[in-house]
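Take a look at the model below before reading on. Follow the strands first, then the side chains.

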Amino acid sequence: MLIKKIRIPVAHIVMIGFLPSFLKKFVYRLKGYKIARNVNLGLGCVIIGKEVEIRKNSSIGFLTIVRADKIKIGRFVKIGSLSVIDTARFEIDDDARINEQVYVGGIKTPESALLMGKRTIIMQASYLNPTLPIIIGDDSGIGGDCLLFTHGSWNSELEGYPVKFAPITIGKKVWLPWRVFIMPGVTIGDNVVIGADSMINKDIPANCLVAGSPAKILKENFPTPLSEEEKSKITERIFSEFSSHLMHNGFNVDMNFANGALKMSVKQESTNAFINYCEDESLKANTETYNSILIVRKGTAKNISAYGMMISLEDNTRIGSSFAGEELISFLSRYGIRFNRLD
């Protein structure tokens, strides 16, 4: 064989992978890797590339292998344990996540790539074959046990059997629940939801609900827009459930929701947090700055000196950070509500 293929880089894992995170980052920086602050590289994990950039507050888990000629990992990215990412080009944007035991690999070509947008996720035990590019748009989710193949071949094309090599493109706000199979060459438009156990063998237009094997369109113009009254009721329910979540975890919560506005006080020993939800930023804070969080229905999140963190539900933006705010952000993600960082 002219080209040697090393499936598992045992020597690299033994010599570098088992170093403590700070030593491993030191070695990789000597190799020319650009690694920002607050990056955590788990025990046994290795990064192998010619051009590598990892931005701040990202982490890679235990015994995970990331190997590509070009690697670009954004801010606040989490890659779980025992995963393998082996392609020519790997880019994952801010707040995205790859869970445990995900395998990305297969036949390589110069075009091989996995490109993941902001706040995307690939859940555990999924297999992605990026022989040609797999592109996943912002806020899209790949559930567990999903299969994405950009090539399909086994029997001889010279004998008339079908052989196909083609990229996969997934738009923004697409949800693939568990055990979805996507065939080579498929393009999925924005705002599509696919039923579990579906097989996608042709393009899907935007704003559709599809399911089946092979998948068929069940509903177009999906989802149905909500009225302001419906949104208000849902918001009140979510905050009520967030209050129950905090109390279940030992916090004292005082919540007052009236006339579409919310004031919530959260306390545990020396920890005090204050959450205000209202029409816009006209509400004035009367609490500690760092643990004050303002959620507004209208406008775009922006720096307000009276608050440590501001969130907008109109355009899903956020600015600032606090422990209580990050807990709320995490809780809201259960309902598919995610936020673009403006800082």
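In what order do the eight strands of the open sheet stand, and is the pairing parallel or antiparallel? In this predicted model, the order is β3-β6-β9-β12-β15-β18-β23-β26, and the pairing is parallel. Strands of a sheet pair through backbone hydrogen bonds, either parallel or antiparallel.

**The edges of the sheet**

The sheet is open, and β3 (46-48) and β26 (199-200) stand at its edges. Each has a single partner strand, so one side of each is left without a neighbour in the sheet. For β3, strand β6 (residues 65-67) runs parallel to it, and three bridges join the two. Within this pair, Ile 47 stands opposite Val 66 in β6. A helix also packs here. Helix α1 (residues 10-17) lies on the sheet and touches both β3 and β6. The direction of α1 makes about 120 degrees with that of β3.

Now turn to the aromatic side chains. The whole structure holds seven aromatic pairs. One of them joins Tyr 103 and Tyr 127, whose rings are stacked. Tyr 103 belongs to strand β12 (residues 103-104) and Tyr 127 to strand β15 (residues 127-129). The two are 24 residues apart, so this pair links distant parts of the chain. Another stacked pair is formed by Phe 149 and Phe 181. Phe 149 lies in strand β18 (residues 147-149), while Phe 181 lies in strand β23 (residues 181-182). The pair therefore ties together parts that are 32 residues apart in sequence.

| Stacked pair | Centre to centre | Angle between planes |
|---|---|---|
| Tyr 103 and Tyr 127 | 5.2 Å | 20 degrees |
| Phe 149 and Phe 181 | 5.6 Å | 10 degrees |

Tyr 103, Tyr 127, Phe 149 and Phe 181 form one aromatic cluster. How exposed is Tyr 103? Tyr 103 is partly exposed, at 27% relative accessible area. Tyr 127 also counts as partly exposed, at 27%. Phe 149 is partly exposed at 23%. Phe 181 is partly exposed at 26%.

Elsewhere, a charge meets a ring. The charged end of Arg 341 sits over the ring of Phe 76, 3.6 Å from its centre.

**The nonpolar core**

In soluble globular proteins, nonpolar side chains tend to be buried together. Here the largest nonpolar core has 51 residues. Which of them touch the most other members? Phe 90 and Ile 182 do. Phe 90 has contacts that include Val 66, Ile 71, Ile 98, Leu 114 and Met 116, leaving aside residues up to four places away in sequence.

Two strand pairings place Phe 90 in context. Strand β7 (residues 70-73) and strand β10 (residues 89-92) pair in the parallel sense over four bridges. In that pairing, Ile 71 stands opposite Phe 90 in β10. Strand β10 also pairs with strand β13 (residues 113-116), again parallel and over four bridges. There Phe 90 stands opposite Leu 114 in β13.

**A lysine in a loop**

Follow the chain onward from β13. Lys 118 lies in the loop between β13 and β14 (121-122). Which residues does Lys 118 touch? They are Asp 93, Asp 94, Asp 138, Asp 139 and Asn 340, not counting residues up to four places away in sequence. Lys 118 and Ser 140 are 22 residues apart in sequence, and their C-alpha atoms are 8.6 Å apart in space.

Technical notes. Residues are numbered from 1 along each chain as its sequence is written. This is a predicted model: local features need pLDDT of at least 70, side-chain atom pairs count only at pLDDT 80 or more; totals for chains, interfaces and linings use all residues. Side-chain values use heavy atoms; hydrogens and water are left out. Rings of Phe, Tyr and Trp (its six-membered ring) pair if their centres lie within 6.5 Å; planes under 30 degrees apart count as stacked, over 60 as edge-to-face and the rest as tilted. Buried means under 20% relative accessible area, exposed over 50%, partly exposed in between (1.4 Å probe, protein chains only). A charge sits over a ring if NZ of Lys or CZ of Arg is within 6 Å of the ring centre and within 35 degrees of the ring normal. Two strands pair if DSSP finds at least two bridges between them. Contact means heavy atoms within 4.5 Å. Axes are lines fitted to C-alpha atoms, for helices over the stretch in contact, and angles run from 0 to 180 degrees between N-to-C directions. A nonpolar core is a set of buried Ala, Val, Leu, Ile, Met, Phe, Trp, Tyr and Cys residues joined through side-chain atoms within 4.5 Å.
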